[in-house]
Amino acid sequence: MATSNNSSSSSGSSGNGAKKPLGDIIYAGLTRGAAGAVILLSIGIVLSLAGNSWPAIVKFGASFISSTTWNPVMSEFGALSSIAGTLISTIIAMAIAVPLAVIIAFFLVELAHPVISKPVGYAIELLAAVPSIIYGMWGLFVFAPFMADYIQPALQRWFGFLPFFEGPPMGIGMLSAGIILALMVLPFITAVMRDVFQMVPSVVKEASYGMGSTTLEVAREVTVKYGFSGLIGAVFLGLGRAVGETMAVTFVIGNSHDISVSLYAAGNTIASTLANEFTEAAEPMYISALIELGLVLFLMTLVIQVLAQWWIARTQKKAGAGL
Amino acid sequence: MKLVKLSIVAMFVVALGCGKQTPPQAKQEEKNAAGDDAAVPAETAEAITLTGAGATFPFPIYSKWAHAYKKVKGTKLNYQSIGSGGGIAQIKAKTVAFGASDAPLEAAELDEAGLIQFPMIMGGVVPVVNLEGVTPGQLKLSQSVLADIFLGKIKKWNDAKIAKDNDGMKLPATDISVVHRADGSGTTWIFTNYLDKISEEWKTKVGTGKSVEWPTGVGGKGNEGVAAYVQRIKGAIGYVEFAYALQNNMSHAKLQNVDGNYVDPTIESFQAAAANADWKNAPGFYLVLTNQPGAGSWPITGASFILMYKEQDKPEIAKEALNFFDWCYENGQKSATELHYVPMPKEVVELVHTLWKEKMASGGTPVWQ
């Protein structure tokens, strides 16, 4: 942004042969400063997280990542259950949300009449703006009882032989948290995917139809391939939100520091643990361990971002995508 | 370009505007501070604002008292219920006039930080269950059964050990789902402290804490979270502060106290537990009211504490804080009972007065006379 603005202003002023207007200089400075502040801020966050979690890093070392013990009384902390819970809930959420988002976005752009697609589009944007605490309370008071009374017993009846659906149907737990997360990230992913699909030039699609492709073939071979990097971007946007989501998950995940194969069992995520335990943590080592959890979450997000960039770059080369 | 300039100008104007507004406010504060010196917080004098932070458990009553006190004396209380841990941290950082904690600090820790503590209000923690066909107070739990349930050793409601205490009661074969607090909490501290006292196994395996490594169960956020989970899950047992059990119309269990009697949680049984407490011989008021003797004592009773500095830099603020607490001891009893808290007995208040006189000072002059 800063550079593009700079170049346009310099070309304008060079024509006059006069000095740069003061406003331009201030504006360039402001934009550069703002951009630089973002980088400084990120570095600052990492440094302060690392600094404050140093006592825990020194004391627990690698066992912080590999141990499931979370015992504030004895001051022994291991983050494995939180890390696993974060990953599992995110995987459930993405497994549900991504296919649904692709279908909804495709329907809105390619199939639906504007009379339908416009209000549905607004509704999706509205859903994306609902605060997460609302999802949490709705999850606890409405969705969890519904899960406990209908969905979980049904799943148990049909798939009860699988270890994922063992245990009493409480309505709260890893599965409910994953589904709530899916509902929360769905509007985000859908909204971006819809924009991506809309950007696919109609000439390309028309050419494909002209060659006798069916609607499904156009969707698969043209629309999705053309906008592939945009779609991946949408997925990672949703992923980023799911990994760090706090309040909604805290309400429905059941908050126990255990790892269980059963998705009916209670678990926890890094964000929910922080939300729950930070207020009453008085011991220095306890606080330090919680901050190290924050550091782990930060690094997880970083790794996801890097992987996403790397993957987009790779697939773009391979598929020759348009966006 | 013009737009940019305009917006910059606008920013300056806004900044200037803010700048202009600040001085009168600052003056107001100076005036406030000057008003404090008079130490007569009558309606006519400038209002002081007291700041406090800490425990969530007494928050409803503190805010009710603060509201009433403001009407009478004009002093405003800004109490932030950020949790006991937060309250201790804030008073140590000297950002507030007083801290509040559900778990008492030990005398050594108080001395190290230069703090005093005194009990302000008492309340009870109540086990609540969700069992079909069981009415409030019908289920009796002995000490060992309660501990074994929360240790995850008794897994079914029709276990022989539970049936033994409940003659003739039909208990279902449902699984017991333990519900505990997920967030660190003074309520948890009181509850685990009780289990710690009645069960050797709990003591060695889990211990006492605001959050502990629970052997079993799911965690709800806050009293309301635990209440919601217990109401949701069939066969659940959890623990909440007494007021929540009443408000949500939940089925509580009778507990066995030290004397072997099964008692219901009521204001009277909390008072019975408090009456037997020996505050006089508790150094620094370090006294935990769980498992107190007495035929009618509720075993899981707890007090909530206020923390203040011994040496006060701002005696007028400290004095007004003590005025407020004293007013609460004197006039706040009715509203406390209405909210299902137990006010401190007279003898304890006298002990607290003595503590204020003897221990709190500002440059050698006692703050409270």
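With 11 C-beta neighbours inside 10 Å, A:Gly51 counts as exposed; a residue is called buried if 20 or more other C-beta atoms, placed from the backbone, lie within 10 Å of its own, exposed if 12 or fewer, and partly exposed in between. From A:Gly51 to A:Leu274 there are 223 residues in sequence, and the C-alpha atoms of the two are 18 Å apart in space.

Before going further, a word on the model and its numbering. This is a predicted model, in which local features need pLDDT of at least 70 and side-chain atom pairs count only at pLDDT 80 or more, whereas totals for chains, interfaces and linings use all residues. Residues are numbered from 1 along each chain as its sequence is written, while chains are lettered from A and ligands numbered from 1 in the order in which they are written.

Chain A, then, has 13 helices and 2 strands, and its C-alpha atoms fill a box of roughly 75 × 55 × 35 Å, taken along the principal axes. Of the 323 residues in chain A, 39% are buried. Among the contacts in chain A with a separation of 6 or more, 76% are between residues 24 or more positions apart, a contact meaning that the C-beta atoms of two residues, placed from the backbone, lie within 7 Å.

Which helices of chain A pack with H10(A)? Helix H7 (residues 174-199) of chain A and helix H10 (residues 228-244) of chain A pack at an angle of about 155 degrees, with their axes 9 Å apart; axes here are lines fitted to C-alpha atoms, for helices over the stretch in contact, and angles run from 0 to 180 degrees between N-to-C directions. That angle makes H7(A) roughly antiparallel to H10(A), given that angles under 35 degrees count as roughly parallel, over 145 as roughly antiparallel, 65 to 115 as roughly perpendicular and the rest as oblique. The crossing of H7(A) with H10(A) is right-handed, a term used if the near helix is turned clockwise from the far one by less than a right angle, with anticlockwise giving left-handed. On the H7(A) side the contact includes A:Leu181, A:Phe188 and A:Val196, and on the H10(A) side it includes A:Gly230, A:Leu237 and A:Arg241. The residues of this contact divide into 13 nonpolar, 3 polar and 1 charged, where Ala, Val, Leu, Ile, Met, Phe, Trp, Tyr, Cys and Pro count as nonpolar, Asp, Glu, Lys and Arg as charged, and the others, Gly among them, as polar.

Helix H4 (residues 80-111) of chain A also meets H10(A), their axes coming within 9 Å and crossing at roughly 140 degrees, and this crossing is right-handed. Among the residues that meet are A:Thr86, A:Ala93 and A:Val98 in H4(A), with A:Val235, A:Leu239 and A:Val243 in H10(A). By class, the contact of H4(A) with H10(A) has 8 nonpolar, 3 polar and no charged residues.

Turning to chain B, we have 14 helices and 15 strands, and 49% of the 369 residues of chain B count as buried.

How enclosed is strand E6 (residues 177-181) of chain B? 5 of the 5 residues of E6(B) are buried, so this strand is largely enclosed by the rest of the structure. E6(B) runs parallel to strand E8 (residues 236-241) of chain B, joined by 2 bridges, and B:Ser177 has B:Ala236 in E8(B) as its bridge partner. E6(B) also runs parallel to E7(B), joined by 3 bridges, with B:Val179 opposite B:Val218 in E7(B). For such pairs, the requirement is that DSSP finds at least two bridges between the strands.

A further open sheet in chain B has 3 strands in the order E5-E10-E11, with mixed pairing. Strand E5 (140-141) and E11 of chain B stand at the edges, each with a single partner strand, so one side of each is left without a neighbour in the sheet. E5(B) and strand E10 (residues 254-256) of chain B run parallel and are joined by 2 bridges, one pair of bridge partners being B:Lys140 and B:Lys254.

Finally, the interface: 34 residues of chain B are in contact with 30 residues of chain A. Helix H3 (84-92) of chain B is one of the elements that supply at least two residues to this side of chain B, and H3(B) gives the most, with 5 residues.

Definitions and conventions
Helix = DSSP H or I, 4+ residues; strand = E, 2+ residues; numbered from the N terminus.
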